[in-house]
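Here's a quick briefing for anyone meeting this structure for the first time. Take a look at it, then read on.

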Amino acid sequence: MAATILPFYSEVLVAAQILKEPKAWFLIWLVASTGNTLGAVVNWILGRYLLHYQDRRWFPFKQKQLSKAQHWFQKYGVWSLLMAWAPIVGDALTFIAGLMKVRFWIFFLLTLIGKSVRYAVVAYFTIITLT
């Protein structure tokens with residue numbers, strides 16, 4: 001849910017799970033990274049196919065968010081997808097990647113790297129609080 005258009009902060013859940021089962025930190029990291037990346041794929045697909053609905057009230061991103069993310073994307077190119085983990089702008093970036101027809105495998109790889117690093121940082125700081 002956290003990587004889709006739905007607002008949800010998974011870092012708290014990941015940290016709580018690691019605190020509950022510290023020996024399973026790698027599996028928790030793997031599931032969180034993969035799941036969050038798959039959620040971003042939903043945004044990529046939406047960007048590919050649903051832009052013509054942007055004037056509808058239910059559309060997930062406001063024009064200001066789209067403009068900001070598109071500016072980032074134009075400035076930094078596909079490398080901006082490494083920031084797909086960032087709140088609000090990250091979700092819009094994955095959507096913009098779909099709009100800009102970024103090749104799926106490049107999108108997936110860069111998004112996976114960014115999100116995996118985020119959860120690695122969460123896991124690291126959670127684990128050191130246990131010691």
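Predicted model: local features only at pLDDT ≥ 70, side-chain atom pairs only at ≥ 80, totals over all residues.

Residues are numbered from 1 along each chain as its sequence is written, and side-chain values use heavy atoms, leaving out hydrogens and water.

**Threonine 111**
- You'll find threonine 111 in helix H5, residues 104-130 (helices are DSSP runs of H or I, at least four residues, numbered from the N terminus).
- Threonine 111 counts as buried because its relative accessibility is 0% (buried means under 20% relative accessible area, with a 1.4 Å probe and protein chains only).
- Its side chain reaches the backbone oxygen of phenylalanine 107 at 2.8 Å.
- Leaving aside residues up to four places away in sequence, threonine 111 touches Thr37, Ala40, Leu81, Ala84 and Thr94 (contact means heavy atoms within 4.5 Å).

**Helix H5**
- Buried residues of H5 include Phe107, Thr111, Lys115 and Tyr119.
- Helices H1 (10-20), H2 (25-49) and H4 (89-99) are among what covers them.

**Cores**
- The largest nonpolar core has 20 residues, and Phe107 is one of those with the most contacts inside it (such a core is a set of buried Ala, Val, Leu, Ile, Met, Phe, Trp, Tyr and Cys residues joined through side-chain atoms within 4.5 Å).
- H4 gives this core its largest share, 7 residues.
- A second, separate core has 9 residues, including Val14 and Tyr119.

Note on methods. Helix = DSSP H or I, 4+ residues; strand = E, 2+ residues; numbered from the N terminus. Buried < 20%, exposed > 50% of the residue type's maximum accessible area, 1.4 Å probe, protein only. Polar contact = N/O pair within 3.5 Å; in protein donor to acceptor, adjacent residues only side chain to side chain.
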